[in-house]
Structure formats: C-alpha cells, structure tokens
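Please read the following report alongside the sequence and the coordinates.

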Amino acid sequence: MQRRIISSLSLLAAVAVAPAADLGDLRSYGDSALPFTQVRIGFGQAPTAARYDTTFVPDVGASVRYTDVVDTKAANTLSFGVYGGTLDPFGAVFGAELVYSWTNQSFLRRGVGGTIVTAPGTLQNTHYRLMGTNILAGAGWALSDRIHFELLALGGIGFAKSGHPDGSLTLVDDAAGWYYQGGIRAGGYATWKRLVIGGCVEYTSLHAKFRNNWSNGQSRSDAEVTGVGARFEIGYRIQ
C-alpha cells in the first residue's frame, strides 16, 4: 500500500512539473540561469544629418569650403541581428546586427564664407542611405521567465551614400563614402514560446565622410549625426 501511495505521488508530481519545462519559458526547468539566443528583425526611425561641410577642390584654382544645410526628417531603419546571453537574473548580453537606413532630404541653403545662397527647387528629395553592421555588448535583467531588459553599448561601421549638389548648385549626384558610430541602447522584450516581441530606444553619434568626382574637380564632405532613434522588433528564440 505504501509503495502504491509513493508511486501515485511521484506520478502526480511528474505531471505537475511537466508544463514548467515547456518551451514557453526562456529558463530550462531546474536551472536558475536564463540562457537565450534570439534572432530579431527591427523597423523604426533614426536621426539624419542636418548639414554637410564640404571642401571642393577644382582642377584649376584654389579650393573652396562651404556648408550645405538640409532638412532633418528621420530616416527609416531596418535591422536584422542575433543577440544572446545568460541572465541569473542579471548577466552579460552580446549582439551583432546588420542595419539599413534610408530617406530623402531637401537642400535648404548653402553658406560660403559669410554669403548664404538659397538652394533652388531642383535640389529637393536627394538620397540619404546608410548600410552597415553594429556590434553590441552590455547587461541584461530577467524580470521573469518571459520578460527581460537590455542595456547595451554599440559600435558600428558601414557604407554611406548621399545626394550632393555641385559647386554651382545646378547638378546633384550621389556621393559615396563610409561612416562609423557609437552609442547606447535600452530595450525590453517579451517571449512566448519561440516568439519574441519588443522594442528599443538608442542614442547614437555618427560621423560620415563622402567623396564625389565632378567634371571640373572633386568634393569631400563630412557630416555629424547625433540624436535618438527607436524601433519595434519581432523575432525568434533559438534557445
């Protein structure tokens, strides 16, 4: 009789704890640590350059420096990344991602020395494109088996392209270049079975360099982009 009671209690205990090992939780049953690896896709907005400081070097004559002021509409941003760590309930989190940003900008005016020249209407809707990769590292906090937060430092590098007018403000051509950036990101995520949903807010400082060849010379431009961006993310939990 005693053996039957013990067997029955053991069976009930096994049935009771079986759901805890379900993939709906990030934490494996019997383990206090919270390991996770996630693939996430994000869509949101990021700041853009407000001005381009340019040096034009003509084939003949002295170089000229000027500043082009543009509108500051936000750029659309698409990201794809892999992130992971072990939280108990705190721990290190790492990630790597590909990011693509795009929008159109309108040139408003050009400053040459003390002279301000208003840009003509033909210089509207010029391209602004960034494509690169970010590496992230920081800390995470598991509020529960299904919800965790991340605070990450990020550094990135990539290719840049932007429409730039020539020295006479008559033609626009895409100037190619590269960029590097650094910043900090905070995000929160909820996991249900394999589905991950969340979002992040980040503050970044980006420096871009562009170069363009014209029929009568070459221009080199620099742009500083500092500000706050945000995006919604959805993904898949690998483990």
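The text below goes from the whole chain to individual contacts.

**Basis**

This is a predicted model, in which local features need pLDDT of at least 70 and side-chain atom pairs count only at pLDDT 80 or more, while totals for chains, interfaces and linings use all residues. Residues are numbered from 1 along each chain as its sequence is written, and side-chain values use heavy atoms, with hydrogens and water left out.

**Chain and confidence**

The protein chain has one helix and 12 strands. Helices (H or I, at least four residues) and strands (E, at least two) are DSSP runs, numbered from the N terminus. The order from the N terminus is α-β-β-β-β-β-β-β-β-β-β-β-β.

Confidence is given as pLDDT, the predictor's own value for each residue, from 0 to 100. Its mean over the protein chain is 83, and 81% of the residues reach 70 or more. Among the elements, helix H1 (residues 2-17) has the lowest mean pLDDT (40), and strand S4 (residues 75-87) has the highest (96). Over residues 1-24 the pLDDT is below 50, and this stretch has 12 contacts in the model beyond near neighbours in sequence. A contact means heavy atoms within 4.5 Å. For residues 27-31, pLDDT also stays under 50, and the model has seven contacts beyond four places in sequence.

Of the contacts in the protein chain with a separation of 6 or more, 67% are between residues 24 or more positions apart. Buried residues make up 40% of the 239 residues; buried means under 20% relative accessible area, exposed over 50%, and partly exposed in between (1.4 Å probe, protein chains only). The protein chain exposes about 12500 Å², of which carbon and sulfur atoms supply 64%. Accessible areas come from the Shrake-Rupley method with a 1.4 Å probe, and for residues only the protein chains shown count as cover.

**Strand pairing**

Two strands pair if DSSP finds at least two bridges between them.

| Strands | Sense | Bridges |
|---|---|---|
| S2 and S3 | antiparallel | six bridges |
| S3 and S6 | antiparallel | four bridges |
| S6 and S7 | antiparallel | four bridges |

S2 and S3 form a hairpin with five residues between the strands, where Gly61 takes a positive phi near 105°. The hairpin of S6 and S7 has two residues between them, and Gly113 in the turn has a positive phi of about 65°.

Individual bridges can be followed across these strands. The bridge partner of Asp53 in S3 is Thr67. Thr67 in turn stands opposite Gly111 in S6, and the bridge partner of Gly111 in S7 is Ile116.

**Residues in and around the strands**

Asp53 lies in strand S2 (residues 51-58) and is partly exposed, with a relative accessible area of 25%. The side chain of Asp53 makes a polar contact with that of Thr67 at 2.9 Å. A polar contact is a pair of N or O atoms within 3.5 Å; within protein, one must be able to donate a hydrogen and the other to accept it, and residues adjacent in sequence count only if both atoms are side-chain atoms. Beyond four places in sequence, Asp53 touches Tyr66, Thr67, Arg220, Ser221 and Asp222.

Val69 is in strand S3 (residues 64-70). Its C-alpha atom is 5.6 Å from that of Leu108, 39 residues apart along the chain. Beyond four places in sequence, Val69 contacts Ala50, Arg51, Ser106, Phe107, Leu108 and Arg109.

Arg237 is found in strand S12 and is buried, with a relative accessible area of 3%. A polar atom of the Arg237 side chain lies 3.4 Å from the backbone oxygen of Lys193.

**Nonpolar cores**

A nonpolar core is a set of buried Ala, Val, Leu, Ile, Met, Phe, Trp, Tyr and Cys residues joined through side-chain atoms within 4.5 Å. The largest one has 15 residues, of which Ala49, Tyr52, Tyr128, Leu130, Tyr179, Leu206 and Phe210 touch the most other members. Two or more residues come from each of strands S8 (126-142), S10 (172-192), S11 (195-214) and S12 (217-237). S11 gives the largest share, three residues.

Beyond four places in sequence, the residues touched by Phe210 include Tyr52, Ala160, His164, Ala175 and Arg220. A second, separate core of eight residues includes Tyr83, Leu87, Ala142 and Leu154.
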